Amino acid sequence: MTDRYLNRILLRVIVERSLLDVGEPTIDILENTLRETYGCTLEDCYDHPQYLKDALCELFGRAYAQILSSIKKEFAKVTLDKKLESLLLILDR
Amino acid sequence: MPLFIDGHGLDRFSQKALCDAVKSQRDKHGVKTLEFFYNKDDNRLYCLLDAPSKDSVYAHHHDIGVDCQFVTQVDTIKNDSLDSEKLATIGQMATRLAHDIRNPISVLNNVIHIIDQKYGHSLNSEIKNYLQIMNTAISSINSQINNVLDFVRINPLKKSNTGILSILNESMSSILIPQNIKLSLPDEDVMLYADPYQLQVVFNNLLTNAIQAIGEDAGTIQIKAINKEDKTIITVHDSGPGIPQDVLPRIFDLLFTTKQKGTGLGLFSCKNIIEQHGGTIEASNSGGALFTITLPKETPQK
C-alpha cells in the first residue's frame, strides 16, 4: 500500500467520520455532488482540495465550520504529507 | 565476571577443537572461552576468557594439558560515542516507524467508528463485541506510538495559565476509563503556569498505568491537587497492587518496563516533562501505587 493510496483513503474516512460526528450522515450526497459537479471522487480531492471545500460549503453552508473543526481534529492525530497539509490550508482559508 | 587473556602454544589443537571450545559451557572452574586469536609468527594462541579469577584460568588450562605462558586480566573499553550514535539511529527508526504506522491505524480507527455510527443499531452483540476488541487493540497500538513520539519530541515548553481540571479532562478524553474503575478528580481547580499539552502527556501515562495496574477488578483512581506556599502538589493514587519494591528505584529509567507490551518510555517521558517544569515526580506505595508530582509555583513572565 503506497502512502498516496493510504492518504487518499484516510481523507475519505476522516471526512465521512466528521460528517457523521456533526450529525450529517450524508456522505452519499457529498459524493454525488463531487461526481456531478467536478467529475471526481472524494478520494480524488486529495489532489483537488478546492473541490472538496466548495462542495462542503455548498452542501452544508453554516455547518461547514463545525465539519472543518472535526476534520482538523482527526487530521491532528495523523502524519501529514505535503498534499494533506495543503488540503487543510485550503479548507481553512 | 572478569575477562582474561592468556597465551600459549597452539599445540595439538585443531580448528574444530577450538570452535567446539567456544561453543562449550563453563567448565567446573567457572571458565568460559569467548574467543581465540592466533599469531602465526610465534605460533601462539591467545584466548579471551570469562572467568572468576586468574587461578581458575590456570586450572582450566591445566585440565586440558596446556601450560599458559601468561594470563592477564583485561577490561572492555566501552565506546560511548558509538553507543549514542546507535541509540540515535534506533531513535530515528522508531520515530519513522511510529509516524508510518499512525496513518493506517487512523484509517482502521475511523472505519470502526463509521461502522459503529452508521450500522451500530443493526449489528448483533457478537459483531459489536468484535468491533470493541479491535478498538481496544488499536488504542493499545496508538498508546505505544504516542509513547515513542512523546519521547522523541523535544519541544520547548509552551507555558500558559491553565487549570488542572482542564488538563485532566483533556487527558481523559483520549483514554477509555473502564466501568470497573471509579476516577475521582480534585474537588477544586488549581491553577498552574505550565505547558498544558506536556502535562496531558504526563497524566495520560499515569492514568493508563493505573488502569492497567487495577485490571479487571473494581478499583479507584484518585487525583488530588493542592497548593502550598511555593509549590503545587498533585497526586495520582490507584488501588492496584502497587509497585514491587525491587522495581521502584528503576521505574523512571529509560527503556525500563515490567509490561509485556511496554515501551519503557512512558514514565521516563513523565520525569523529563516534570523536570523541564522545574518539578519532581516520585513513585511510592500506599495501598496501591502513589505518584507525587511537585511543581514550583510560577507566575507568567511579562
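A salt bridge is a side-chain nitrogen of Lys or Arg within 4 Å of a carboxyl oxygen of Asp or Glu. This is a predicted model, in which local features need pLDDT of at least 70 and side-chain atom pairs count only at pLDDT 80 or more, while totals for chains, interfaces and linings use all residues. Residues are numbered from 1 along each chain as its sequence is written, chains are lettered from A and ligands numbered from 1 in the order in which they are written, and side-chain values use heavy atoms, with hydrogens and water left out.

**View 1. A salt bridge joins A:Arg12 and A:Glu31.** The side chains of A:Arg12 and A:Glu31 come to 2.7 Å, taken from N to O. Because A:Arg12 belongs to helix H1 of chain A and A:Glu31 to helix H2 of chain A, the pair ties together parts that are 19 residues apart in sequence; helices here are DSSP runs of H or I with at least four residues, strands are runs of E with at least two, and both are numbered from the N terminus. A:Arg12 counts as buried at 19% relative accessibility, and A:Glu31 counts as buried at 18%, where buried means under 20% relative accessible area, exposed means over 50%, and partly exposed lies in between (1.4 Å probe, protein chains only).

**View 2. A salt bridge between A:Arg4 and A:Asp47 links distant parts of chain A.** The N to O distance between the two side chains is 2.6 Å. A:Arg4 sits in helix H1 (residues 3-21), whereas A:Asp47 sits in the loop between helix H2 (27-38) and helix H3 (49-60), 43 residues apart. A:Arg4 is partly exposed, with a relative accessible area of 40%, and A:Asp47 is partly exposed as well, with 26%.

**View 3. Chain A as a whole is built from helices, with zero strands.** There are five helices in chain A, and from the N terminus on its elements run α-α-α-α-α. Of the 93 residues in chain A, 49% are buried. Among the contacts in chain A with a separation of 6 or more, residues 24 or more positions apart account for 61%, a contact meaning heavy atoms within 4.5 Å. Chain A exposes about 4,800 Å², of which carbon and sulfur atoms supply 51%; these accessible areas come from the Shrake-Rupley method with a 1.4 Å probe, and for residues only the protein chains shown count as cover.

**View 4. Chain B and chain A meet at an interface.** The contact takes 13 residues from chain B and 15 residues from chain A. The area buried between the two chains is about 1,300 Å², and carbon and sulfur atoms give 55% of it; buried area is the accessible area (1.4 Å probe) that two parts lose on being put together, summed over both. B:Asn103, B:Asn110 and B:Ile114 supply 38% of the area that chain B buries against chain A, more than any other three residues. The count between the chains is one salt bridge, and the side chains of A:Glu16 and B:Lys118 meet in a salt bridge at 2.7 Å, N to O.

**View 5. B:Glu275 and B:Lys271 pair within a helix of chain B.** These two residues form a salt bridge whose closest N and O atoms are 3.3 Å apart. Both lie in helix H7 (residues 266-276) of chain B, four residues apart, about one turn of the helix. B:Glu275 is partly exposed, with a relative accessible area of 43%, and B:Lys271 is partly exposed, with 30%. A search of the whole structure finds 15 salt bridges over all chains.

**View 6. B:Cys47 is in no disulfide.** A disulfide is a pair of cysteine sulfur atoms within 2.5 Å, and by this rule the count over all chains comes to zero. For B:Cys47, the nearest cysteine sulfur is that of B:Cys68, 7.0 Å away. B:Cys47 is buried, with a relative accessible area of 2%.

**View 7. B:Asn43 has a positive phi although it is not a glycine.** The phi of B:Asn43 is about 50°. B:Asn43 is found in the loop between strand E2 (32-39) and strand E3 (44-50) of chain B, and at 39% relative accessibility B:Asn43 counts as partly exposed.
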